[in-house]
Amino acid sequence: MNRSSKVYAVGVSAVGLSLGIYCTVDYFGKILSGPQRPTELRQLFILWILYLVCQCLPVYIKPNVAVDMSFICDVAAVLSKGPEAAAALVLLSTPFMVKRTGDGRGKLLHIFNMPPIKTAFNAADFMITLFVSGTVYQKLGGPVGALLSVQTFFLPGIALVFCMILLNSTVLLILFSLWHGIPFFQSLLKNIVDFLPNMAAAAPIGYFLASFMNVRGGEYIALLFMLPLLLARYSFVLYLNVKNNYYNMIQTLSATLEAKDPYTEGHSHMVEIYSEKVARRMGLSGRRIEAIKVGALLHDIGKIGVGDRILNKPGKLTGEERRAIMQHPQIGDDILKNVHLSSMTHQIILHHHERYDGGGYPSHTKGDELPIDVYIVSAADAFDAMTSKRPYCKDRTPQEALEVLQEESGKQFHPKVVRAFLQVFREEPAFLRQTG
């Protein structure tokens, strides 16, 4: 961490931990002197157990990106006990959290092997977020404890969810902005858009969980209520494992092809990286980006059916040899016709050598006759080919390759794709240097 990010992290940690300690002392002072002490302590203990279980069982979408169900417990704690109790819940849970990493090694992470500043900052972020959001919820008339009706919860509940996402994202992204220099407002908007639907769907579950706390013995019903959610989590983990294995098999198939030709080693992986960045820059949906990534990895699979002598020939190809290599898109599509791939992935494999002006192969399609997804992979394929060492041509620098893309915009390449390609490299100059 640089100096500014370290000062910020220490400042947030100090504020958050001070707030958490105050909330914990004040809340326990109230319930220990109140008439419902045994019930309050029992319900808080149940919420603590549920929160701890949810925090310790994250689902890794990517090796460094995880989601968990603790948001449900956060909402339930604010609604049933108030913002002070919610902040106290985080403070009391933090020392006992144990998680596995998502990098495949499954290393256990806990308070004794994590950097203290990271543990303190994460806990402080949640405590500040819950206390401030819960206070906003109460100021807007949101009920705490006795939830009379959905109507009284609805509008304040929307504000609660939005504030939680906004505050949590803001605290984190300020750190990343100081540390890594990421654009703050653009990242904040993306976080809100990404997380709002999921949080909005989870908030009603938190409402029902809080409602159970208002009936006699309801805390035990809350425990039973969480069992189907844990089962759903387990099913989702199995789905992700199957999906990851599927993707790993595709990568293995791609690597098998590249083993035939040492000059194209890593080519498909780089085409995948370029394609994903351009697709995200163009605002395509997650489903389309996934199809593009798979198509990028498999776009040259048909070269398995082309002789090594042709693939590795250092000189100019004869007419017959060129016709043979031009068959690889059709060969690739035929090889994978019985594999369950999206129709978009099949189009990418079959048409990645088509040109925007219709001069490509194998179908001579042009313009909007093909989806822009195909043109994304086509441009990424050409860019990596130009910047790689090949036996039949001299490699270009990334800047020179970008100039070729501009020159061929509207001819070989789709103009919108070229613009997005240039924007990606303009916004990520460090990435551009890595390609050279």
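Q: Is D26 buried or exposed, or does D26 lie in between?
A: Buried means under 20% relative accessible area and exposed over 50%, with partly exposed in between (1.4 Å probe, protein chains only). D26 is partly exposed, at a relative accessible area of 23%. This is a predicted model, in which local features need pLDDT of at least 70 and side-chain atom pairs count only at pLDDT 80 or more, whereas totals for chains, interfaces and linings use all residues. Residues are numbered from 1 along each chain as its sequence is written, and side-chain values use heavy atoms, with hydrogens and water left out.

Q: Which side chain does D26 meet in a salt bridge?
A: A salt bridge is a side-chain nitrogen of Lys or Arg within 4 Å of a carboxyl oxygen of Asp or Glu. D26 pairs with K30 at 3.3 Å, N to O. The two are four residues apart in helix α1, and therefore separated by about one helical turn. Helices here are DSSP runs (H or I, at least four residues), numbered from the N terminus.

Q: What are the accessibilities of E276 and R280?
A: E276 is buried at 16%, while R280 is partly exposed at 43%. Their side chains form a salt bridge of 3.0 Å, N to O.

Q: How do the axes of α1 and α6 cross?
A: Axes are lines fitted to C-alpha atoms over the stretch in contact, and angles run from 0 to 180 degrees between N-to-C directions. Helix α1 (residues 3–32) and helix α6 (residues 150–180) cross at roughly 160°, their axes coming within 8 Å. Angles over 145 degrees count as roughly antiparallel, and α1 and α6 are therefore roughly antiparallel to each other.

Note on methods. Angles under 35 degrees count as roughly parallel, over 145 as roughly antiparallel, 65 to 115 as roughly perpendicular and the rest as oblique.
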